[in-house]
Amino acid sequence: MKRKSHISFTLNGETTEVAFAPHKTLLEVLREDLALTGTKHGCELGECGTCTVLVDGRSILSCLMLGLDAEGREVTTIEGMAAGGELHPLQDTFADLGAAQCGYCSPGFLLVAKELLERSSSPSRDEIKEALSGNLCRCTGYIKIYEAVELAAARMRGENMEPDSESIYGL
């Protein structure tokens with residue numbers, strides 16, 4: 001008989017209980033046991049950032065964390081980033097600027113950027129690059145991602161900032 005572990009934790013703002021095989025990573029628990037497929041399988045070695053989630057407000061690679069270690073913690077996935085039916089400003093700016101092409105890496109980038117903007121309301125381009133350096137994208141040149149984070153930061157500070165037409169149209 002297979003033994004299952006039971007844990008309780010806060011997932012996207014709601015208390016959640018789940019039973020799963022104790023060897024599973026948090027990534028596997030989220031996708032397979034809780035049907036939250038926004039968190040993506042990438043390298044499963046902790047090298048690409050695709051599986052990033054927030055645990056107690058800090059970005060972690062869910063492929064490297066055992067599901068058991070989520071007990072009593074607060075976990076935020078991409079599904080929990082929007083609030084009250086409204087996209088997070090980062091989600092809006094990623095869409096506005098075309099910062100996602102295939103979109104596979106986007107959940108990881110968005111959650112890392114969210115953590116950054118909660119720590120610093122006005123990060124420099126270098127701080128954005130550093131924060132996002134653990135996330136890989138095969139489709140973009142990263143510039144639109146950096147611009148989207150900068151635009152979201154400005155909007156979150158209450159600035160009425162619009163993207164440059166060059167950022168949108170490449171003119």
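Reader: What describes the packing of helix α4 against helix α5?

Author: This is a predicted model, and in it α4 (residues 125-132) and α5 (residues 143-156) pack at an angle of about 115°, with 10 Å between their axes. Two packed helices are described by just these two quantities, the angle between the axes and the distance between them. The crossing of α4 past α5 is right-handed.

Reader: Which residues make the contact between α4 and α5?

Author: From α4 come Arg125, Ile128, Lys129 and Leu132, and from α5 come Ile143, Ile145, Tyr146, Glu147, Val149 and Glu150. Sorted by class, the contact of α4 with α5 holds six nonpolar and four charged residues, and no polar ones.

Reader: How many aromatic pairs are there, and what makes the pair of Tyr142 and Tyr146 stacked?

Author: The count is two aromatic pairs. Tyr142 and Tyr146 have their ring centres 6.3 Å apart and their planes at 25°. Ring centres have to lie within 6.5 Å for a pair, and planes under 30 degrees apart count as stacked.

Reader: Why is Tyr142 called partly exposed and Tyr146 buried?

Author: Buried means under 20% relative accessible area, exposed means over 50%, and partly exposed lies in between. Tyr142 has 21%, so Tyr142 is partly exposed. Tyr146 has 12%, which is under 20%, so Tyr146 is buried.

Reader: Is Ala83 buried or exposed, and where does Ala83 lie?

Author: Ala83 is in the loop between β5 (74-76) and α2 (89-97). Its relative accessibility is 55%, and because exposed means over 50%, Ala83 counts as exposed. The C-alpha atoms of Ala83 and Asn12 are 9.8 Å apart, with a separation of 71 residues in sequence.

Reader: Why is Gly49 called buried, and what does Gly49 touch?

Author: Gly49 has a relative accessible area of 2%, and because the limit for buried is under 20%, Gly49 is buried. Gly49 lies in the loop between α1 (26-33) and β3. With neighbours within four places in sequence left aside, Gly49 is in contact with Leu61, Gly108, Gly134 and Asn135. From Gly49 to Lys144, 95 residues apart along the chain, the C-alpha distance is 18 Å.

Reader: How do you know that Thr93 is buried, and what surrounds Thr93?

Author: Thr93, in helix α2, has 0% relative accessibility, which is under the 20% limit, so Thr93 is buried. Not counting residues up to four places away in sequence, Thr93 touches Ala148, Leu151, Ala152 and Arg155.

Reader: What makes β3 and β4 a pair?

Author: Two strands pair if there are at least two bridges between them. Strand β3 (residues 52-55) and strand β4 (residues 58-61) have four bridges, so they pair, in the antiparallel sense. Val53 stands opposite Ile60, and Leu54 has Ser59 as its bridge partner. β3 and β4 form a hairpin with two residues between them, and Asp56 in the turn has a positive phi of about 55°.

Reader: Which way do the side chains of β3 point?

Author: Thr52 and Leu54 point one way and Val53 and Val55 the other, and all are buried. In a regular strand the side chains alternate between the two faces of the sheet.

Reader: What is the strand order in the sheet, and what makes β2 and β4 edge strands?

Author: Five strands form an open sheet in the order β2-β1-β5-β3-β4, with mixed pairing. β2 (14-20) and β4 are the edge strands, as each pairs on one side only. Direction ignored, neighbouring strands of this sheet are turned by 40° against each other on average.

Reader: In which sense does β5 pair with β1 and with β3?

Author: β1 (residues 5-11) and β5 are parallel over two bridges, with Glu74 in β5 as the bridge partner of Thr10. β3 and β5 run antiparallel, also joined by two bridges, and the partner of Val55 in β5 is Val75.

Note on methods
Residues numbered from 1 in each chain as written. Predicted model: local features only at pLDDT ≥ 70, side-chain atom pairs only at ≥ 80, totals over all residues. Heavy atoms only, no water. Phe/Tyr/Trp six-rings, centres within 6.5 Å; stacked < 30°, edge-to-face > 60°. Buried < 20%, exposed > 50% of the residue type's maximum accessible area, 1.4 Å probe, protein only. Axes fitted to C-alpha atoms, helices over the stretch in contact; angles between N-to-C directions. Left-handed = near helix turned anticlockwise from the far one by under 90°. Contact = heavy atoms within 4.5 Å. Nonpolar A, V, L, I, M, F, W, Y, C, P; charged D, E, K, R; others polar.
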